[in-house]
Structure formats: structure tokens, C-alpha cells
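Please take me through this structure one feature at a time. I would like to learn how to read each of them.

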Amino acid sequence: MKMLVTGATGKLGTEVVDALLKTVPADRIAASVRNPEKAVRLREQGVEVRQGDFDQPATLDSAFAGIDRLLIISTDGDTETRIRQHTNAIEAAARAKVGFIAYTSLAGATDSTILFAPPHQVAEKAIKQTGIPYSFLRNNWYLENELPSIQGVIAGAPWVTSAGSGKVGWALHQEYAEAAAAVLAGEGHENTVYELSGPLLTQEQLAAAIGGVLGKEVPVQQVDDATYAEIMKQAGVPDFAIPIVVGIQQGIRAGSLAIESNDFQKLLGRPLAPISEALRRLMK
């Protein structure tokens, strides 16, 4: 049985491959990457590297050939770009007659109103329409996404948010990667949906946990969206990204990431790292 990870030189993809290599022989693992010259480390680990570009469907036909189990890691970009790229990958998987598709989706994707939900909603629907057995890995929020704000706090800034009392199920990149690897290499995951969410915390609770690790009180500054946008602009966030970061805050405030689930523990066979321990790993 041959399994393939797309985007395998990205941060999540790299960690998924590393997790797979702990339990799966390297000759059963393939990696689809846009630039094979950047995949030297994968080759050195014994992983088969294939060139696959989500914007060039013909490359995906060869990348997915002979693959039994496929992990499609969702791409970055604007909504139109992501929908096009995900659709290209899913159609190529169908042409290649892969036996199983795992896809990294978004928390509560079906009903989510968060800014970047549409590409995931379209992808999930398209995968179901292929008739190929699937698993949707609905990732909540990477704790690593908060690193810029954490670094600001370390430098003396308050924790600034417009998310109100909205809750988030933060977890570490590595934990999401290990869950994906467990599904790709495991059995009994056909036609499943996993809500991969850590214990739900508010912004105040996260700031308090950060303060506990740093040994200082972290003040939380709740602002409106316009003020948040201006603060982010002053902090150096590019203009094109301002609506995105504000949209994330709006989505959290609306409860889009407040998904309670123990699916992480089911897949990992252990509890997630407590938030304080996760933050220590992140800040070391």
C-alpha cells in the first residue's frame, strides 16, 4: 500500500511525513511537492518525491498514479485560488483512482461563517461527489498562529483582540500532523469527519496561560474591529492581510471555532499537551 502527502515540504506536510516515518516503512511513503529540488531531506529519508503542482493538473496525474491513500493538505491563498487548486487535486485523485482521500479542512466547516470557510466547504463536497472513501480532518487553530502576538507580549505589548468572549480550540502543529498521519496510515477511517479541537479557551484564558509561562501578568485589550485593524496595520501587517486577520477575529467572536470534541485524543491515543506545556514548547 502506497500513501502520498501533498505539500510535503510545507510545515504541516513535513511534520506529517516525519510522523508517518515512525510507523511506516519509507518505501511506502511518497511526497508530492511543487519544487522537488527543495525536497532533498525527504529523499535522504527514503521517501519517494514526485513533482505535483495544484495549478498544473497534468503533474498531479503522474504524482497520484498508483497511490492507495492520499492526504490533500489544503493550500494557502485567496478563496478563488484555493477552490481552483483543491478542485484540481480532487479531480486528479479521482482520475488516478486513489482508494482513500484525507483532507485537512476547517473546524465546523459545513456551517462555518468564518472568512476562509468556502474553499473547505467546496472541497468537502467535491470529495464526497467522487465516491472515494474519505476522512475530513477539521483542524481548529494552530497555536503557532499566535506567535506574532506572543512575541509582542514578550516585548511588553498587551494582548490585543476583537474576538470578545469567543473560544478557540488551539493545538500544536505537531499534534495536527500526528493526527493526520494516524488517519492516513490507519484503518477504519473511511467516510469519517474528525473535529480536531483542543480544550476551548477565550483570549483572556490564553493570555493568562502565556503570562503563567512568562511569569508576568499579560493585560488583555478588547477592541472593536476597526481599532484592531488599525493596531495590526501599525504592527506591520500588510494591507492585503488586514481584512483576513480582522475576519478571523470576527469568526472567533461568532463562535466559529468553539467546537468541542475529543477526536484528537481518539486519533492520538493520548491527551493533547496542556496549553501551558504547548506554550513552553513554542517559546523555547
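The dialogue below goes from the whole chain to single elements and residues.

Q: What kind of model is this, and how are residues numbered?
A: This is a predicted model, in which local features need pLDDT of at least 70 and side-chain atom pairs count only at pLDDT 80 or more, while totals for chains, interfaces and linings use all residues. Residues are numbered from 1 along each chain as its sequence is written, and side-chain values use heavy atoms, with hydrogens and water left out.

Q: How many helices and strands are there in the protein chain?
A: Helices (H or I, at least four residues) and strands (E, at least two) are DSSP runs, numbered from the N terminus. The protein chain has twelve helices and eleven strands.

Q: What radius of gyration does the protein chain have?
A: The radius is taken over C-alpha atoms, and the globule rule is 2.2 Å times the number of residues to the power 0.38. For 284 residues a compact globule would have a radius near 19 Å, and the protein chain agrees, with 19 Å. Along the principal axes, its C-alpha atoms fill a box of roughly 55 × 35 × 35 Å.

Q: Is Leu 60 buried or exposed?
A: Buried means under 20% relative accessible area, exposed over 50%, and partly exposed in between (1.4 Å probe, protein chains only). Leu 60 counts as buried because its relative accessibility is 0%; this residue is in helix 3 (residues 57-63). Of the 284 residues in the protein chain, 52% are buried.

Q: Which residues of strand 1 are buried on each side?
A: In a regular strand the side chains alternate between the two faces of the sheet. In strand 1 (residues 3-6), Met 3 and Val 5 are buried on one side, and Leu 4 and Thr 6 on the other.

Q: Which strands pair with strand 1?
A: Two strands pair if DSSP finds at least two bridges between them. Strand 1 pairs in the parallel sense with strand 2 (residues 29-33) over four bridges. The chain passes from strand 1 through helix 1 (residues 11-20) to strand 2 in a right-handed β-α-β crossover: with the strands pointing away from the viewer, the path from the first strand over the helix to the second runs clockwise. Strand 1 also runs parallel to strand 4 (residues 69-72), joined by three bridges. Met 3 has Ile 29 of strand 2 as its bridge partner, and Leu 4 has Leu 70 of strand 4.

Q: How many residues of helix 1 are buried?
A: Seven of the ten residues in helix 1 are buried, among them Leu 12, Val 16 and Leu 20.
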